[in-house]
Amino acid sequence: MISSTLRFAIALVLVAQWSHAFEDDPTNLSPDAVQFFETKIRPVLAEKCYRCHSSDGQGVRGGLSVDNRDALLAGGESGPAVVPGNLEDSILWNAINHRDYRMPPKSKLPDSVLEDFRKWIEMGAPDPRVQTGVAIHSKVSADDISKGKEFWSFRAPRDISPRVSKFSSWAKSTIDRYVAQGWDDNDLTPADDTDATTLLRRIYIGLVGLPPSSEEHDSFVRSFKSRPETAISNIVDELLERPQFGERWGRHWLDVARYAESTGKEVEMTFPHAWRYRDYVIDSFNADKPYDRFIQEQIAGDLLPAKTDAQWQEHLIATGFLALGPKSLAEQNPRQFQADLIDEQIDTTTRVLLGVSVACARCHDHKFDPIPQSDYYALAGIFQSTTTFYGGNRSQRNRQPSNLIILPIEDNSKTDKPISKSELAELKSQLKEVENQYEEARRAQRNPALAKDKTPGGRPSFLNVAILDQAIAMLTNKIHSVDSDGKPISMCMGVQDADKVRTARLLVRGEIDQPAQEVERGFVQVLSNQPVKLSNKSSGRLEFAKWIASKDNPLTAKVMVNRIWQHLIGKAMVREPDNFGFSGPAPTHPELLDHLALDFMNNKWSVKHTIRSIVNSRVYRLASTHDPDRFEADPDNLHIARANVRRLDAESMRDSMLAIGGQIDLNRPRASVIASFGQVTMGPNGPVSIPPAAISMILDKDKAGAAGAAGLRALGGVRNANANPFEVPSYFRSVYLPIARNTLPRALDVFDFAEPSLVVGTRESSNTPDQALYMLNNPFVLEQSDALARRIMKLSSNPIDRAGKAINLVYGRSATEAELRSANVFFRKADESKGSLPREQQIFKTLSEFCQALFCSAEFRFIN
C-alpha cells in the first residue's frame, strides 16, 4: 500500500494556492480584537470602500467585496484582499499604500489609518462580520420524499418474469420475450430478420465503429448460413476484445462526461493534460472495468486504496471527470466562480450517473422532483470540501487559475521535451525581467506620470500590457512543466480533498451574497434508505461515490443499461436518458429495464456482458424494412417491431471513410494535438502563442520601445496560426481528434458532434445543406475518394469490375446488375467530359468521383 505521506507528496501542486478560510473562529474573538475592528477598521471600509466593493453598493468591482469576512478573505480577480498575519501578500495593504493598486483612487489614507490597518493585519485580521441570513424552509415535506420513493425510477429494480405470448417460439432470449409482450399488447407483428450483410455492418458499427473488411464479411456470411446464432456470438466475442471497442464505447462515455481539451466560454484556455482522462476511459471499457468501480474512481479515485503507483496514477487521472467541465475564467469574483464550478460538478455527476437534475435545486426546491434545495447544498458541501485542479496561471484574461496534480510515474507525452539547467535558469531570468516590465507597464498605464521611460515627445514608452501578460503566462507554463533539473513533469487534471472540510450554506435564489442556514453534507434523500452522517475528517466524496455505485441505489444501474440499449437499438427505453425524474418520459419497457439493471449488477457490473446479451438477442436482428401498417400502428417504433434506421455518427462516418480508403491508422497517438501547444489561450483559428523572437524583443528595451505593440504583432508577438491546426491531415481514429470547445474539427462539427460543454445523452441527427457541401467539397472527403480509387485500381483494370469492388468496399455487399449498368453509363459520360486530360488521369479522376458519390449516398451514411 502507498503511504499517506507519499500520497501527499505526489499530490503537491506546482504553486501554492491561497487559503479559502480564516483559521480563527469569528464567533470566538477576544473583546479587544472586536473593538479594534469595529472602531478602527470597519468605519474606514464602510466610508472608503463599500460604495464600489459591497453587495449593497454600486457593484462589486474587480470581483472584490469587503462587506463581510468571507468575501474579504476570498478577494477578487487579483487574489485574496487580506492574508491574516501577512502584509506583503495582502492586496488590500498594497492598494491602500498606492503601490501596484491605488485605493481609494483619489487620495491616500492618512498615515495613522495605514498604521491601524498594518496592526490589524499583523494581529491576524480579526473580523466578526459573518453573514447569517434568514433560514429558508423547504416546501418539500418528509411525506413528499416518502411518496417520491414509490415513483417508478426511484424504486429498486424488480425482477418480473415476462409473460408467455404468441411469440414465445420466436423469442431466443429473455430480452426477446420482454419485447414480445409489447407486440402482444399492441397487436403488432415484428419485421423479419435482416440479412447477414446488413446485420454484420450493424454489429461492427455498433461495437467498434468501423465497417467489416471484405474478408470478414465473406467469412461471417458463410458461417451465418449454417449456424446463425453461433456466427453472431463468435463475432460479438471477437469484437468485444478488440482495442477498437474501447475507442467506440469510450467515446459514448465522453459525450456525457462533457470531455474537451479547453475551458470554453468567454476566455478559452487549453487543457493540455485532458487526453489522459480520454485514454483512461478507453482503457477502462476495453478492460471491462466493473461499472461500479468505474464510478468510484472518477468521483473519488484519489481516496481509494492503491496497491501500486500505477494504480494510484490511474485513480488520480480518473478524477479528471470532475475537472473537465467548462470554466468561466473571466469571472472576477472567486466566490461566484467556485459556486458555478460546484454547480457544474453536481449537475454533471447527478445527470450522468443518476439521471436526475439535482442542480435544478440550486435556487429553489426542485420544480418537479421531491428534491429540496437543502439536498443540493448537502452535496455542495462535499464539493466545497474538494479542490479542483485544471491548470493555468493568473493573467489578465485568466482570473481563476488553478494547479495540476503531479503524477507518481513519469509518463510524458512525445510533446514534453527536457531542457538544460542553463536554459531553465535563463527562462527564470527572462520571467523575472518580463514581470518587472509588466508591473512597470501597469503602473504607467494607470498613471502615465509614473512611467520611467518616455519618448522624445514626452509620452510613456511602455509595451502593450496584454503582450507582456501573454509572455509571462508562456514563460511560467514552460518553467512549471519541468522539475529543477529541467526534466518534464507528468501531470493530470483531477480533484483532491481540500485542506479543510466545509459545510455549505443554502443560498437564497442561489445568490452568493444571500446566504441562509448551513446544511450538513449528505446525499439526495429521495434516493437514500436512511440518513447519512459524514466524517469531519474528509470531504465525503468517497462515501458519495460508494452510495452512487451501490446496488441499493435505485437509479445507477437503470441509467447505464438504458444508455447501452440506446447505443445498440437506436433509441433508449427512457427516451430522455438524462432525465429519470417526474418530468421525464416513462420507459417503453419497464420490466425489461429492471431485468437488464439486475442482470447488469449480478454480473459484476459488466458493460460487455450487457452488450453481449442485447446483440445476441433476436430483437437486435430485426430488419428495418418499412411496412405501412406497422408504421401506422407504431410510428415512433416504441415497441421495437422493426429496427431503427440511424445515420452514422460523425466519428463512424470519418473512420469508415479512412478504413475503406485504406488510410486509417489504428494505433493510439501519444497525447493530443492540443497537448503539443501546452497551456495557451485559444483564438478563433486555434491556439495563440508567443514565439521566442518576440520574447527576445521584449527583453531588449530599445528594440521593444521602438517597435511597440504593432511591431511585436508583426513579428508574431501574439501569433495565431493562419490555418486551423485542427484541420491538419490526421489518419488516427476520430476519438483522438482535438476537442476544443469553441473550435471543433469540421469533420465532427458538421455531423452533430456532441456539444462538449454539455452532458449529451442523445446526439442530434440533422440533415443540412452544410453536410451535403462537406461531402462534395471538403478536402478530407476528396482525399479519401482518391485513396479508395487508388486502392481499387491496384485490384483490377476492368472498369465494371472496379465499380463492383468500390460498391463492395463502401456498402459491404455485392453490386447489383442495375448498379453496374448505371456505373458503366457514369464512366462513359464522365470520360467524355474529361477529354482534355491524359487517359490515365481521366480514369483515375472518374473513378475517384464514383467513389465520392458512393460516400455521399444514403446507403453508406445510414445503418439499416
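How do the residues of the lining of the second largest cavity divide into nonpolar, polar and charged?

Analyst: The lining of the second largest cavity divides into seven nonpolar, two polar and three charged residues. Here Ala, Val, Leu, Ile, Met, Phe, Trp, Tyr, Cys and Pro count as nonpolar, Asp, Glu, Lys and Arg as charged, and the others, Gly among them, as polar.

Some notes on the model come next. This is a predicted model, in which local features need pLDDT of at least 70, side-chain atom pairs count only at pLDDT 80 or more, and totals for chains, interfaces and linings use all residues. Residues are numbered from 1 along each chain as its sequence is written, and side-chain values use heavy atoms, with hydrogens and water left out.

A cavity is a set of points, on a 1 Å grid over the protein atoms alone, where a 1.4 Å probe fits but cannot get out; lining residues have an atom within 4 Å of a point. Grid points are joined across faces, edges and corners, and the volume is the space filled by probe spheres set on the points.

The second largest cavity has a volume of about 90 Å³. Its lining consists of R202, L568, I569, V619, Y620, L622, I640, R642, A643, N644, R646 and N864.

This cavity is one of eight in the structure of 30 Å³ or more. Helix α18 (465-480) and strand β11 (686-689) each supply at least two of the lining residues. Of the elements, α18 gives the most, with five residues. Helices (H or I, at least four residues) and strands (E, at least two) are DSSP runs, numbered from the N terminus.

Of its 864 residues, 55% are buried, where buried means under 20% relative accessible area, exposed over 50% and partly exposed in between, with a 1.4 Å probe and protein chains only. Among contacts (heavy atoms within 4.5 Å) between residues at least 6 apart in sequence, 71% join residues at least 24 apart.

Note on methods: On a 1 Å grid over the protein atoms alone, a cavity is a set of points where a 1.4 Å probe fits but cannot get out, and a pocket is an open set with protein on both sides within 12 Å along at least five of seven lines; lining residues have an atom within 4 Å of a point.
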